[in-house]
Amino acid sequence: RTAKRTLIRLAKLRWRVEHDYREVKTGLGLDHYEGRVWQGWHHHTTLVSAAHAFLTLQRLNPKTRAPE
């Protein structure tokens with residue numbers, strides 16, 4: 001009974017999540033952590049998440065110039 005429009009929106013959300021995860025993992029270094037302690041891993045993922053948030057905000061800002 002789900003509307004076609006809702007299914008399409010949800011499918012696109014899944015693609016967005018997968019794309020963001022790939023960007024965070026390969027582009028921002030989420031998979032580069034080699035430590036063994038929880039605190040270090042938590043610190044690393046926090047910094048990667050902050051970098052991803054910054055890049056997303058820059059991408060969405062209409063006043064930001066595209067890289068040359």
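Colleague: Which residues in α1 meet V48, H52 and R59 in α2?

Modeller: In this predicted model, the partners on the α2 side are V48, H52 and R59. By class, the contact of α1 with α2 has two nonpolar, one polar and four charged residues. The residues that α1 contributes are R16, D20, E23 and V24.

Colleague: Are α1 and α2 parallel or oblique?

Modeller: Helix α1 covers residues 4–27 and helix α2 residues 38–60, and their axes lie 11 Å apart. The two helices pack at an angle of about 120 degrees. Angles of 65 to 115 degrees count as roughly perpendicular and those over 145 as roughly antiparallel, so α1 is oblique to α2.

Colleague: Which residue forms a salt bridge with R59?

Modeller: The structure holds three salt bridges. In the one formed by R59, the closest N and O atoms are 2.8 Å apart. R59 lies in helix α2 and its partner in helix α1, so the pair ties together parts that are 36 residues apart in sequence. The partner is E23.

Colleague: Which residue forms a salt bridge with D20?

Modeller: The closest N and O atoms of this pair are 2.7 Å apart. Both residues lie in helix α1, four residues apart, about one turn of the helix. The partner of D20 is R16.

Colleague: Does R14 count as buried or exposed?

Modeller: The side chain of R14 meets that of E18 in a salt bridge, at 2.8 Å from N to O. E18 has 38% relative accessibility and therefore counts as partly exposed. R14 has 59% relative accessibility. Exposed means over 50%, so R14 counts as exposed.

Conventions
Residues numbered from 1 in each chain as written. Predicted model: local features only at pLDDT ≥ 70, side-chain atom pairs only at ≥ 80, totals over all residues. Heavy atoms only, no water. Axes fitted to C-alpha atoms, helices over the stretch in contact; angles between N-to-C directions. Parallel < 35°, antiparallel > 145°, perpendicular 65-115°, else oblique. Contact = heavy atoms within 4.5 Å. Nonpolar A, V, L, I, M, F, W, Y, C, P; charged D, E, K, R; others polar. Salt bridge = Lys/Arg side-chain N within 4 Å of Asp/Glu carboxyl O. Buried < 20%, exposed > 50% of the residue type's maximum accessible area, 1.4 Å probe, protein only.
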